[in-house]
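Dear colleague,

I am passing on to you the structure that you will find just below. After it comes a short account of what was found, for you to read beside the sequence.

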Amino acid sequence: MKIEFRLITAAVIAAILISPIVAQAGSRSHPLSEDAALALLERTLKRDHVYEKRISWDCISYGTEGTTNAYFEFVLREIHNAKCGGPPEWSPLIDRYRIYRRSGKITQWEAAEDKWQPYRPPTN
């Protein structure tokens, strides 16, 4: 009886100690840094040819609009200069994105719906 009790107790303790590790298995072991999150966003947008027909990548600037423990929020703006055209005192908004630190999930601001939506590559 004592041996069974000890085995059950050991199993329960092991389950308690292992459960947080299993719960985090789906998330990144290290949260993304701001630079890594921005690189992920840029790589994703270029891979999906999001702005290819609209604007040159040389005419897009990235800025960090906000950070929380959960995500980084980036804004993409047009660069206006001699190369890209447009009045230099303007930098019109192109899009806003959130990159979640642990999962790498990307969401995009949908102004018409006034809410964040999961990122979906454009359909051509």
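S1 and strand S2 (residues 71–78) pair in the antiparallel sense over seven bridges, where strands are DSSP runs of E of at least two residues and helices runs of H or I of at least four, numbered from the N terminus, and where two strands pair if DSSP finds at least two bridges between them. Within this pairing, isoleucine 60 stands opposite glutamate 78 in S2. Helix H2 (residues 34–47) packs on the sheet and touches S1, S2, strand S3 (93–100) and strand S4 (106–110), while its direction makes about 50° with that of S2; contact means heavy atoms within 4.5 Å, and axes are lines fitted to C-alpha atoms, for helices over the stretch in contact, with angles from 0 to 180 degrees between N-to-C directions.

This is a predicted model, in which local features need pLDDT of at least 70 and side-chain atom pairs count only at pLDDT 80 or more, whereas totals for chains, interfaces and linings use all residues. Residues are numbered from 1 along each chain as its sequence is written, and side-chain values use heavy atoms, with hydrogens and water left out.

The sheet is open, with five strands in the order S1-S2-S3-S4-S5 and antiparallel pairing. Its edge strands, each pairing on one side only, are S1 (60–67) and S5 (115–118).

As for charges over rings (NZ of Lys or CZ of Arg within 6 Å of the ring centre and within 35 degrees of the ring normal), the charged end of lysine 46 sits over the ring of tryptophan 57, 5.5 Å from its centre, and lysine 105 lies over the face of tyrosine 100, at 5.3 Å from the ring centre.

With kind regards
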